[in-house]
Amino acid sequence: MKLLGYQKFRRKLHGNSLLKKACESARLSNDPIFIFRELFEFINQSKMTIPGYTTLQNIVSNALSMEQKRIGQLLEQHLKPREEKKLFNLFKQDESFYTVTALKKQPKNFKQGEIYREMDHYQNIQNHSSLPNSILPKLDTKTHRLTYTV
């Protein structure tokens, strides 16, 4: 190991730098596999041995939890009551699915009933379109994540 310039992973020595990198990655994506891969790249660049699977799992889990708390705190600080109501309405369960699920649903055909449902669908999207534009910049997430979300 020393011959190649690698050092053994030590939680006290390397743990904080791995958690910091995981937190940065969590701002890019909430996909644990993405964060896991970013950590492996960081470990390789830092020339350290790979920590145990459970250690990496805990780091990824902590980073995701910290990001979730960070976003929650920012939403509490910056969300206006009207925006909060709109956001919560997206996650209200209506019949067998959530309102946010209906925003992704595509029409089945071009019959009159489907066209009216599609018109309601786009009205619903229009009602919620200002929400991401007012909230997302305050969350301080990375640019490509904002592009993907909006």
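A crossing of two helices is called right-handed if the near helix is turned clockwise from the far one by less than a right angle, and left-handed if it is turned anticlockwise. In this predicted model, H1 passes H3 in a right-handed crossing, and the crossing of H1 and H2 is right-handed as well.

**Overall architecture and confidence**

The chain contains eight helices and two strands, arranged along the sequence in the pattern α-α-α-α-β-β-α-α-α-α.

The mean pLDDT of the chain is 79, with 74% of the residues at 70 or more. Confidence is highest in H2, where the mean is 94, and lowest in helix H8 (residues 143-149), where the mean is 47. Over residues 146-150 the pLDDT stays under 50, and for this stretch the model has six contacts beyond four places in sequence. Where pLDDT is low, the predicted coordinates should not be read in detail.

Two packed helices are described by the angle between their axes and the distance between the axes.

| Helix pair | Axes come within | Crossing angle |
|---|---|---|
| H1 (residues 11-28) and H2 (residues 32-46) | 9 Å | roughly 140 degrees |
| H1 and H3 | 8 Å | roughly 50 degrees |

Since an angle over 145 degrees would be needed for a roughly antiparallel pair, H1 and H2 are therefore oblique to each other. On the H1 side of this contact are Ser17, Leu18, Lys21, Ala22, Ser25, Ala26 and Leu28, which meet Phe34, Ile35, Glu38, Leu39, Phe42 and Ile43 of H2. By class, these residues comprise nine nonpolar, two polar and two charged.

H1 and H3 are likewise oblique to each other. Here Arg11, Leu18, Leu19, Ala22, Cys23, Ala26 and Arg27 of H1 meet Thr55, Ile59, Asn62, Ala63, Leu64, Met66, Glu67 and Arg70 of H3. The residues of the contact of H1 with H3 divide into nine nonpolar, two polar and four charged.

**Individual residues**

Thr55, found in helix H3, is buried, with a relative accessible area of 14%. Leaving aside neighbours within four places in sequence, Thr55 is in contact with Phe9 and Arg11, and Arg11 is also listed among the H1 residues that meet H3.

Lys47 lies in the loop between H2 and helix H3 (53-78). Although Lys47 is not a glycine, it has a positive phi of about 55 degrees, and its relative accessible area of 37% makes Lys47 partly exposed.

Leu79 occupies the loop between H3 and helix H4 (81-90). Is Leu79 buried or exposed? With a relative accessible area of 13%, Leu79 is buried. Not counting residues up to four places away in sequence, Leu79 touches Leu74, Glu84, Leu87 and Ile135.

Notes. Residues are numbered from 1 along each chain as its sequence is written. This is a predicted model: local features need pLDDT of at least 70, side-chain atom pairs count only at pLDDT 80 or more; totals for chains, interfaces and linings use all residues. Side-chain values use heavy atoms; hydrogens and water are left out. Axes are lines fitted to C-alpha atoms, for helices over the stretch in contact, and angles run from 0 to 180 degrees between N-to-C directions. Helices (H or I, at least four residues) and strands (E, at least two) are DSSP runs, numbered from the N terminus. Angles under 35 degrees count as roughly parallel, over 145 as roughly antiparallel, 65 to 115 as roughly perpendicular and the rest as oblique. Contact means heavy atoms within 4.5 Å. Ala, Val, Leu, Ile, Met, Phe, Trp, Tyr, Cys and Pro count as nonpolar, Asp, Glu, Lys and Arg as charged, and the others, Gly among them, as polar. pLDDT is the predictor's confidence in each residue, from 0 to 100. Buried means under 20% relative accessible area, exposed over 50%, partly exposed in between (1.4 Å probe, protein chains only).
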